Amino acid sequence: MVTRPVPADWLEQRRRADHLAREKASGLLEQLTRRLRDLLAEHDDAVSVIDVGAGTGSNQAWLAPRLAVPQRWTLLDHDAALLDVASQAPADSGVEETTRVLGTIEDLPELTEGQKVRLVTCSALLDLLTLAEAETLAEAIAGPQAGARVAALLSLSVTGAVEIHPAHEDDATISKAFDAHQRRDHLLGPDAVGILADLLRQRRAEVQLSPTDWTLDDDDAALITRYLSDRADVAVESDPTLSGVAARWLSTRMDQLSRGELRVSVGHMDLLALPAASSRHAQTAEPSAAAPTE
């Protein structure tokens, strides 16, 4: 997982777009809340949640009030500065306790061992994982030690699909360099959500996907400026020969934005994983009477 600092102001700047995009996956959330209510009815007095790569707490701020059950959260992040400024859970969100833990995804096995974790969640994280880290996450959600009671909601994973209107002749060049940077050092980049879905299905989890694209217009001018500027910078970092191309591309895009002509869609995907129905039934079924011997 990339451990270079993620600016807190970027996480805050994108929060509104993230929250609006997540509303598009309301169907996944409805299934998750039903599952968590069933768990509470069966065993628990509160749902234990681990938020991986919690950052400034945006995921908890959006998700906790919508779960509508008592919750205890663990916010896990590698950046102490982000955890220090993480927002408090909203009032009346059902959060009874929030614990902040400094660490990476490699710490998940220790955090989940022996604990009654019922929900693993993250937001805008999967593209920063390597395959080995994705396998660690999949094991925590659906491996043998997870039992049959862990659900997961993995949100806002980038897919690499970016549409900017009007089109520009250098869009494809910038996108190619940007995506190459996303896959540097064996990171999964825009392939991450598909890979994680496969890893979870291999472990017999029931997986569903729902698009949660950013749809940005004039009301998001500051975010568009930041996103496109970062996109140009990353393209040049990946391929320094694109310096002139990226500068011209960005200048054109900023002119279009200032005239109110620019629309941007950034592809994201939410993933819901639930234990296989057969596993859930096996855990809750009453022991059957022994069959008579012949």
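Let me begin with Leu-156, which sits in strand S5, where strands are DSSP runs of E with at least two residues and helices are runs of H or I with at least four, both numbered from the N terminus. What we are looking at is a predicted model, in which local features need pLDDT of at least 70 and side-chain atom pairs count only at pLDDT 80 or more, while totals for chains, interfaces and linings use all residues. Residues are numbered from 1 along each chain as its sequence is written, and side-chain values use heavy atoms, with hydrogens and water left out.

Although Leu-156 is not a glycine, its phi is positive, at about 55 degrees. As background, most residues other than glycine have a negative phi, and most peptide bonds are trans. Leu-156 has 1% relative accessibility and therefore counts as buried, a term that means under 20% relative accessible area, with exposed meaning over 50% and partly exposed lying in between, for a 1.4 Å probe and protein chains only.

His-186 also has a positive phi, near 70 degrees, and its place is in the loop between H8 and helix H9, residues 192–202; with a relative accessible area of 70%, His-186 is exposed. Just after H9, Arg-204 takes a positive phi of about 70 degrees.

On the peptide bonds, His-165 and Pro-166 are joined in cis, with omega about 0 degrees, and Pro-166 lies in the loop between strand S5 (151–165) and helix H8 (171–182).

Turning to H9 itself, which of its residues are buried? They are Ala-192, Val-193, Leu-196, Ala-197, Leu-199 and Leu-200. These residues cover an arc of only 165 degrees around the axis, so they are on the same side of H9, the arc being that of the directions from the helix axis to the C-beta atoms. Their cover includes helix H7 (131–142), S5, strand S6 (206–211) and strand S8 (263–274).

Finally, the axes of helix H10 (residues 221–238) and helix H11 (residues 243–258) come within 9 Å and cross at roughly 170 degrees; axes here are lines fitted to C-alpha atoms, for helices over the stretch in contact, and angles run from 0 to 180 degrees between N-to-C directions. H10 and H11 are therefore roughly antiparallel, since angles over 145 degrees count as such, under 35 as roughly parallel, 65 to 115 as roughly perpendicular and the rest as oblique. Their contact, meaning heavy atoms within 4.5 Å, involves residues including Ile-224 and Leu-228 of H10 and Trp-249 and Leu-250 of H11.
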